[in-house]
Amino acid sequence: MNQDKIVAIKEAIAQARAKNKEELEAFRMKFISKKSVVGELFAEMGKIPNEKKREYGQLINGVKQAAEAKFQELIDRVNESSKKSKSADLDLTLPPSNQSVGGIHPLTATRQRIIEIFERIGFNLSEGPEIEDDWHNFTALNFPENHPAREMQDTFFIEKNPDIALRTHTSSVQVRVMENQKPPIRTLSPGRVYRNEAISARAHCIFHQVEGLYVDENVGFSDLKNTLYHFAKEMFGKGTKVRFRPSYFPFTEPSAEIDISCLLCGGKGCNVCKGTGWVEIGGSGMVDPNVLENCGIDSKKYTGFAFGMGIERIAMLKYQIKDLRLFTENDVRFLRQFRPLL
Ligand code: DAH
């Protein structure tokens, strides 16, 4: 038995270093594999006299364990340092990767902003069904049967049942709210509406409206005007002018169309406002006493105003979008422009 040789091997194991995978493998070959120096010590067992075998066995097992422990230690160190060098490669000054971040659809953003403006002045939110009956969409709103006013709105009827249609306006929600609540009522009803119209840059068969209704004692036309002045300034900016143009709706008397000064040309006249300096954003008026009575509200005690505006129209003005179809085409080149800036 060569004590010196064993001591030398132990010493070599203790001194061994490894910087990478190749050096780890070299260590393994030299101290752990069958053909390694440690392997040779085991092969020499046969030559050891029987009475010394036990002592020799303990010695070389100690060497083997030392080699294995050292090997594990070297593996851990190599792994650790490769992790470190990877994090050293991280360059914090590089521009961020081009991650895809979603944005809010311009119609959703516009609807949210409208809601926010009216909620702050005491309007609550209400909803009604998109598949509506004749009473809520027409009759309660003072559209007499077979009256040409019904043709103002090209209606999609449900086949075989002329009593049921896709609602043509959100005014139907007014009726539902008044049937179910007592004044004072101050409510805003945004929603989708449907009309049988050819699709073009300015019209669509599906679009969105927002209806407003205020019913209480002593509500007057000046309240309507002030509310909409406030809305226009909040939505489009302080300098925005509002104009009320006399009009006709079966459910309001008097009725007025709401125009705002053209945001694109500042009122000088351009192709968006067709040279007039004004663009229409909706209709409005004092709720017709017949409508109040149809919904069970005493028209001698209460008066109210109502308005209905097109959400697409408002979004088009706000974001200067010239074609209504862009809202529903889902073209990412359009939608990407509304992503939040990172
Ligand atoms: N419902 C009308 C339309 O779709 C818009 C409207 C006009 C709503 C006058 C109103 C109103 O509430 O008072 O064209």
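First, some ground rules. Residues are numbered from 1 along each chain as its sequence is written, and side-chain values use heavy atoms, with hydrogens and water left out. Because the model is predicted, local features need pLDDT of at least 70 and side-chain atom pairs count only at pLDDT 80 or more, while totals for chains, interfaces and linings use all residues.

**Two helices that pack**

Helices (H or I, at least four residues) and strands (E, at least two) are DSSP runs, numbered from the N terminus. Let's start with helix H8 (residues 221-236) and helix H10 (residues 311-319), which pack at an angle of about 45° with their axes 11 Å apart. That makes H8 oblique to H10. Here, angles under 35 degrees count as roughly parallel, over 145 as roughly antiparallel, 65 to 115 as roughly perpendicular and the rest as oblique. The axes are lines fitted to C-alpha atoms, for helices over the stretch in contact, and angles run from 0 to 180 degrees between N-to-C directions.

Who touches whom? From H8 come Phe231, Met235 and Phe236, and they meet Ile314, Leu317 and Lys318 in H10; contact means heavy atoms within 4.5 Å. Those residues divide into 5 nonpolar, no polar and 1 charged.

Next up is an open sheet of 3 strands, in the order S2-S4-S3, with antiparallel pairing. Strand S2 (131-133) and strand S3 (157-158) stand at the edges with a single partner strand each, so one side of each has no neighbour in the sheet. Two strands pair if DSSP finds at least two bridges between them, and S3 pairs with strand S4 (residues 161-166) over 2 bridges. Isoleucine 158 stands opposite asparagine 161 in S4.

**Salt bridges**

Side chains of opposite charge can pair when their charged atoms come close. A salt bridge is a side-chain nitrogen of Lys or Arg within 4 Å of a carboxyl oxygen of Asp or Glu, and the structure holds 14 of them. Here are some, with the N to O distance:

| Pair | N to O distance |
|---|---|
| Lysine 19 and glutamate 23 | 3.5 Å |
| Arginine 77 and glutamate 73 | 3.0 Å |
| Arginine 192 and glutamate 130 | 3.8 Å |

Arginine 192 lies in strand S5 (residues 185-194) and glutamate 130 in the loop between strand S1 (124-125) and S2, so this pair ties together parts 62 residues apart in sequence. By contrast, arginine 77 and glutamate 73 are 4 residues apart in helix H4 (residues 50-88), about one helical turn. Lysine 19 counts as exposed at 64% relative accessibility, while glutamate 23 is partly exposed at 27%. The cut-offs are under 20% relative accessible area for buried, over 50% for exposed, and partly exposed in between (1.4 Å probe, protein chains only).

Most residues other than glycine have a negative phi, and most peptide bonds are trans. Still, the bond from proline 183 to proline 184 is cis, with omega near 0°, and so is the bond from glutamate 253 to proline 254, with omega near -5°. Asparagine 142 has a positive phi near 75°, and asparagine 330 has one near 55°. Asparagine 330 is exposed at 52%.

Terms used
Nonpolar A, V, L, I, M, F, W, Y, C, P; charged D, E, K, R; others polar.
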